[in-house]
Amino acid sequence: MDNDNNNNNEKKNQNELKDKIKKVTQKDGFYLVLFLCICIVGVTAVWVSGDNFNQISKLEEEQKAEDDILDYFPEDEEPEIAIEEPEIKEEEKEEKIEEPQAKEEVKEEAKKEEKPQVQAKEEPKKEAKPQVKQEAKKEEEAVEVSVNARRAKAMLVPIMGKQSMGFAGDKLVYSETLEQWTTHDGLDIKANKGSSVRTVLKGVVKDIKDTDDLGRVITIDHGDGLITKYAGISEKILVKKNQSINKGDLVASIGEAVGYEVSQGPHLHFEVLENGKNIDPKAYIPDFE
């Protein structure tokens with residue numbers, strides 16, 4: 001009987017324990033699961049932090065090693081790296097020594113050949129200086145001859161009067177008729193209508209023609225490339241083409257101003273040409289004021 005009672009009591013105790021465990025699991029199961037999760041997270045955090053700590057330690061050791069190397073080698077100096085040069089045989093050395101010698105010999109021979117050429121080029125330069133001097137002398141002589149020729153062929157003033165417009169071959173003058181700036185190939189002398197025009201030198205009447213810009217023009221050839229022209233004259237001409245005339249002969253009289261000089265009124269337009277080029281007439285008539 002006692003054994004049965006004991007067995008019954010044990011069963012009751014076991015059932016009561018089971019009931020208590022069921023109650024605890026039913027009531028506190030959530031907290032147990034939360035506790036287990038916290039434990040797992042804590043263990044994982046410890047493991048990760050330990051791994052990170054090891055990596056940081058390794059990085060610090062590597063940085064320290066680099067600093068030690070930099071401290072050992074200054075900034076201005078670099079570690080010398082030994083480079084092994086290939087061994088050169090004595091035969092190859094002799095060949096390399098002979099090659100520069102051969103090149104030097106070739107260069108010396110080339111220089112010797114070039115020297116005569118340089119001298120040949122320099123010789124004409126020495127001869128060029130006298131040529132330049134001779135040309136300069138010729139130009140000076142030509143100028144002197146031209147000046148002397150002008151003095152020998154001093155011209156008469158073709159008509160008495162004052163200048164209304166001067167020569168302007170290399171510069172511009174203002175034309176009242178054209179209302180613009182232009183060149184002027186001759187000398188304009190004011191004169192009354194009907195005033196006599198005389199030839200300035202002995203010569204031959206080369207041409208007589210009417211033009212749009214200057215009206216009637218007489219051209220006289222005085223020889224040696226010297227030509228004079230007379231414009232602004234009347235229709236009554238006192239000479240003929242190919243007629244020989246003497247210095248001071250009457251050739252025409254002043255007429256009405258025409259062409260691009262009409263605004264100046266009656267005047268003589270006088271031109272002088274040397275070898276086909278217009279020059280300032282005052283170079284031949286120094287007495288003109």
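Me: Two strands pair once DSSP finds at least two bridges between them. What makes β9 and β11 a pair here?

Reply: First, a heads-up: the model is predicted, with local features needing pLDDT of at least 70, side-chain atom pairs counting only at pLDDT 80 or more, and totals for chains, interfaces and linings using all residues. Numbering starts from 1 along each chain as its sequence is written, and side-chain values use heavy atoms, leaving out hydrogens and water. Now the pair: two bridges join β9 to β11 (residues 250-254), and the cut-off is at least two. Ile-233 is bridged to Ile-254, and Ile-237 to Ala-252.

Me: Why are β5 and β9 called edge strands?

Reply: The open sheet runs β5-β11-β9, with antiparallel pairing. β5 (196-198) and β9 (233-237) each pair on one side only.

Me: Why is β11 called largely enclosed?

Reply: Buried means under 20% relative accessible area (exposed is over 50%, partly exposed in between; 1.4 Å probe, protein chains only). Four of the five β11 residues are buried, so the rest of the structure largely encloses that strand.
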